[in-house]
Structure formats: C-alpha cells, structure tokens
Amino acid sequence: MNDHAPSTGLKILAAAMFVFLLAPVLVVVPLSFSGDAFLSFPPSSWSTRWYGRILAEPKIVAAFWTSLTLAATTMVLCLAIGLPAAYAIVRLRIPGAAFLTSLFTAPLLLPSIVLALAILIVFARLGFIGSFRGVLAGHLVVTLPYAVRVLATSIAGLPIACEEAATTLGASPLAVFRRITLPLMLPGIAATAALCFLVSFDEVVLSLFLTGPRLSTLPVEMFHYVETRTDPLIAALSVILVVITLAIVLLVDRTAGLARTFAR
Amino acid sequence: MARAGTAPSQDKAFLVLHRLRKAYDDTLAVDDLTLEIAKGELVAFLGPSGCGKTTSLRMLAGLTPASAGRIVVEGRDLTHVPPYQRDMGMVFQSYALFPHMNVARNVAFGLEMRKVPRGEIAQRVVEAIALVRLTGREQRRPSELSGGQQQRVALARALVIRPSILLFDEPLSNLDAKLRDEMRTEIREIQQRLGITSIFVTHDQVEALTMCDRIAVMHQGRLEQLGTPEDLYERPATAFVASFVGRTNRLKGIARGDTVETGGLSLRTCGTHQGDVVVMMRPHRIVLGEAGCVSADGRAVNRMTGCVIRTVYAGDVVQSDVRVADSIIAVEQSNRGSGELPAVGATVTLSFLARDTLVYPAAP
C-alpha cells in the first residue's frame, strides 16, 4: 500500500473531504476569540475574555470536573471488565462466547434515544437518576461495546506461539500474562482507553436523560447553555474540548501508534 | 508411580512415551504412541501433515494435554506436570521470539523465570549468543534480523536454560533451501557438542535422514516404524514407510512363495509370501541395459524388457519410466556423463536383484 503514491485526483478528493469535515470545527476557533457579546461570524472585534469567563461559570466548571472524573472512571472500568471478557471470549472459548459478543455489542446497534429511554425507566425506579453511579452505569453500557470489540481484536491478533514459548521457558501463566501478553496488547489497551474516555467525555443523549439538577456533565451543561445564552463562551469551551481530544489522540499515537491501534 | 508398568529397559531410556494418546471430538490425532529415547539422541518425528507428529511434540512440551498415556523423563512422570515446570526447551516453526524484547532479553527470559542470579544470567546469555554466532547483535530487535538469525536466537533461547530435552517443531521450514542446509548442520553440531537429547519434528525426509540418530515415522496418528535412517531406507517395516522414505515403484500382485505375479510379470522376491501383496523397489536399484546386474544365483535376478515412455534429465540423475507388460516401472540412473539418454520409444532391458524388492501384504 505504501509503494503507491496516491494520484492527484485522489489527493484533491481527500483535501475536499478534509475541508468538508473540519471546516465547522475550524470556524469555532476564530469565534472563540470574538470580542462581541453574541455569536456572529466573522467577529467584529477580537478578545480572549471568553476563555476567562468560563471559569466564572460555576455550573460549567463543576460539570467539567464531573465529566473528567466520569470519563476516567468509565475508562478504568471498561478495561477492568473488557479485558477479562475479551480474553474469555477469544482465548478460553467459553460456551456461549458468540452470545456474549452479541450481548456486549448490542448497545451499539440500538438507537441511543431508545436505549436512553429504557435506562431512564429502569433507573428512575432504582433512584439512580442524577447520581454519579447512575450516569456511570449508563456510560458503561455505551462504552463497553467499544472496549470488548477493540480488545478482542487485539487479543485475537496476538501470536499464541510467543506465549507458548514463554511457557516452555518456565513462565507461569501469570508471568506469561505480565511479561508477554500485556506488553504485546499495549497498543490495543491504549486505543481502548482513549476510545472509552472520549466516548464517555462527549456522550450527550444518555447523559441528558440520566443527569439531574444535582449532577450534570459538560456536554449537557453546554447544551443547556446554548439554549438560553448566545455569547461566544461556548465557542471558547469547544476549542478547549477539541484541544483535549487532540491531546489524547496524539498521546495514543506517540505511545502506541495510531494506525496500529485503530486501523486494524 | 512413574515406575509401575514401565518398559524393562527403563534404566537405559532417558525419555519414555507410553501409550500416549490424543483424542479430539471424533478423531484420534495420536494413537497409542510408545517409544523410548536414549540420553543424547536426536530423534526425528517424521510424517506427512496431519500424522500426529506435532501433536505428539506438543504433548511432550505440555502445551497440549494428553488424553491418555504417560510421559516419563529420567524416571519422573511428567504427564500431569504443567509445561512451565517441565524443563524442556522448544524451538517453534514461527520462531516465536518476543517482539518487544531485544535479542539478549529474549535469551535471558528463561533464566529470569528460573530466578538465576543476575551476574550468571549475563554470562550465560553471552555464551548462548556466541554459540549460535550472533555476538554483536544482542541489542537488535527480532524484527531487525533475518529469518535464519531469528531461528538462531530461538535456538539460543531454548538452549540457555539447559533443558533436559530440546524440542524442534519444523524449525527449518520457513527458511530458504540453502539456509536450511546450513542450519541443519549447525543444529546437529550444537546438539552433539552439548549432548542434548532432542526431538525434531519434520515432514522433510532428507532433514530426518541426514540429521537424526533415529527416526520415528508416523502415519495417521500411529507409529509406523522407529529406526535408524538405514533401517528405514533399507528395511522399511511397512508399505507406508517404504513409499514415504525415498522413491519407490509400487506394483500390486499375488504372491506364491518367492514369486509374485503382477501385471503380466513374474517377479522373484525377497523372502516368501502368500496372497495379495504390494511389491516395491527403489528406482535407482534397477539397472538399465543389456549387461544388467549379476548375482551368484541366476534365479535371484529379475530381468525384463520394456519400452521407454518418458525420460527426465535431472542433473545428477536421469529418471526414466519404462512400460513392462502392463506395468510402468520408474528407473533412476546416476548421470556419469558418458551414456546417452534412453530414447523415448526405445526397447530396453531392466534388471534388479530379488533382494532389492520389498513385499508387503496389500491393504485390505
């Protein structure tokens, strides 16, 4: 694949697609530096004050920390649940492995609005609405399918002979996992962690149903904010989110190799 | 418990496989494999793919659990010992080097698992890498090495733990022909120098014949014959061994005493037989030409005339197919550079000694 230089036509097409996909995101950047009191493009004056104003919105700041904690917890739990699940499905070939795979990936296929409504009905009875564990449980439902999928692919691609070689060299099953399996799976684990974090961090639909006055996530707060306010603060916030996302993707790329982790 | 019912020559046998069996859902991959191997021997498990040779090796290593039977090394029953406590080194067909470790770390792995002191590890790793002639490449990653070098790292990694038995699973089949020859010599030399008991799984008869002290020929999960390369070639125990090791002519016939009637021919054979049989003879034991082969006893020579239907010039040898009565007989002559090729359509005389025939009961 690397031997062939892409043709000029393909390059132009790719460039057009990039502009199409990224232009809306890029418009946000100048907007965030607007000196106006309203969102309008192009801005009539420039300022960085909207970035400072974010900190003056306690609801937004609180929601930001909630989202960060939520995404980090979701990520850790996804790995803690997804890794053994994927291992059992791929390696141990437990009875019902195919069923388990479908069960784990089913939430991906359901319209999230339907899923959100169903979870709302169940959770309302349990008193989970507006609580951290309630939103966390909801987020796990939508992030676990990604975790199991990516980790299962990663495990399936491992050379079993390497683990067998380690075994014959005297490594106990635990030592094989720690010294061979885990290091070889690192790209898959990094990809899973990043994916789960990002999916949880900008989840809107489920969160809209599951959050309440006591607890809100950043995307939900942003949604509410634009419903009532029209100043460029939201653009500044968007730029910060883009930067965070980009930082995570770059981190994965540097540590594990992006093409290797996602494009399998 | 290792001693009960073990074969008598246990004091001599270093490794004993006793009625080893592997059953999958509806097939027997290995069926009642029983054999003994002496200390320092290099034994090949030879057979076509699916004959159970790799499964047997994996049972030995403990990577595949045995369905029945016992594995005994130096009087110790290892059948239910987990693979990481068996003390066997294994060299894999795919090399199975750890891609995230450099050469030195790969080789050191087994010693680290054995909690060998750090100073000793460093010294033994240096020795092992020198043994396989890779000194200077300690810091390379496996992906930076050629196939042959990777296989030598795998060998060093298995040797450095000083295993009781070294297991090779088709280690040369991913190498090109020239490198394969070199590695063959190198592995044999190291194995003999260290006097390490080894089992070498291969489907390549040349590999088995040239490298190994003894060869176990396997077919459909069963041991067909265990013997020296010469035993196998000169005195094959079964029709399968005769046809798998070396080339053979194969004729069906009916035996009466020392004569077999086959396709309009009457052949003198070695020994006496009765009923439906298969007669085999090696193409290069058949002499082409008027002079033919001589024997003190004239009756012990088979002599016949036929028509050449195909001739292949293969460099060192010339192979011809000759139609004799209703049969086609392959003949191989060494190329001495003097004679001309037998012309297609020419009438030629063939002769071979009765003692060069192999006769087996026909398969039912």
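The following dialogue works through several features of a predicted model.

User: How many helices and strands does chain A have, and in what pattern do they follow one another?

Analyst: Chain A contains 12 helices and zero strands. The C-alpha trace of chain A spans about 70 × 60 × 30 Å along its principal axes.

User: What share of chain A counts as buried, and what share of its contacts joins residues 24 or more positions apart?

Analyst: Of the 264 residues in chain A, 43% count as buried. Among the contacts in chain A with a separation of 6 or more, 70% are between residues 24 or more positions apart.

User: Let us turn to a single helix. How should I read the burial of helix 2 of chain B?

Analyst: A general point on geometry comes first. An α-helix has 3.6 residues a turn, so residues three or four places apart point the same way. In the present case, nine of the 11 residues of helix 2 (residues 103-113) of chain B are buried, so this helix is largely enclosed by the rest of the structure. The buried residues are Val103(B), Ala104(B), Asn106(B), Val107(B), Ala108(B), Phe109(B), Gly110(B), Leu111(B) and Met113(B).

User: What is found at the start of helix 2 of chain B, and what just after it?

Analyst: At the start, a side-chain oxygen of Asn102(B) comes to within 3.2 Å of the backbone nitrogen of Ala104(B). Just after the helix, Lys115(B) adopts a positive phi of about 55°.

User: Is Ser56(B) buried or exposed, and what lies around this residue?

Analyst: Ser56(B), a residue of helix 1 (residues 53-61) of chain B, has a relative accessible area of 0% and is therefore buried. A polar atom of the Ser56(B) side chain lies 2.7 Å from the backbone oxygen of Gly52(B). If neighbours within four places in sequence are left aside, Ser56(B) is in contact with Val30(B), Leu33(B), Phe45(B) and Met218(B).

User: How is an interface between two domains described, and what is the area buried between domain 1 and domain 2 of chain B?

Analyst: The size of an interface is often given as the accessible area lost when the parts come together. In chain B, the domain assignment gives domain 1 (8-242) and domain 2 (247-361), and their C-alpha centres lie 39 Å apart. The area buried between these domains is about 680 Å², with carbon and sulfur atoms giving 47%. Tyr233(B), Ala239(B) and Ala242(B) supply 70% of the area that domain 1 of chain B buries against domain 2 of chain B, more than any other three residues. In terms of contacts, eight residues of domain 1 of chain B meet seven residues of domain 2 of chain B.

User: Which polar interactions cross this interface, and which elements of domain 1 of chain B take part?

Analyst: One salt bridge is found across the interface of the two domains. Glu234(B) forms a salt bridge with Arg285(B), with 3.1 Å between the closest N and O atoms. Between the domains, five residue pairs are in polar contact. On the side of domain 1 of chain B that touches domain 2 of chain B, helix 7 (229-234) and helix 8 (239-244) of chain B each give two or more residues. Helix 7 of chain B provides the largest share of that side, three residues. The residues of that side divide into six nonpolar, one polar and one charged.

Conventions: Residues numbered from 1 in each chain as written. Chains lettered and ligands numbered in written order. Predicted model: local features only at pLDDT ≥ 70, side-chain atom pairs only at ≥ 80, totals over all residues. Heavy atoms only, no water. Helix = DSSP H or I, 4+ residues; strand = E, 2+ residues; numbered from the N terminus. Buried < 20%, exposed > 50% of the residue type's maximum accessible area, 1.4 Å probe, protein only. Polar contact = N/O pair within 3.5 Å; in protein donor to acceptor, adjacent residues only side chain to side chain. Contact = heavy atoms within 4.5 Å. Domains from an automatic or database assignment. Buried area = accessible area lost by both parts, 1.4 Å probe. Salt bridge = Lys/Arg side-chain N within 4 Å of Asp/Glu carboxyl O. Nonpolar A, V, L, I, M, F, W, Y, C, P; charged D, E, K, R; others polar.
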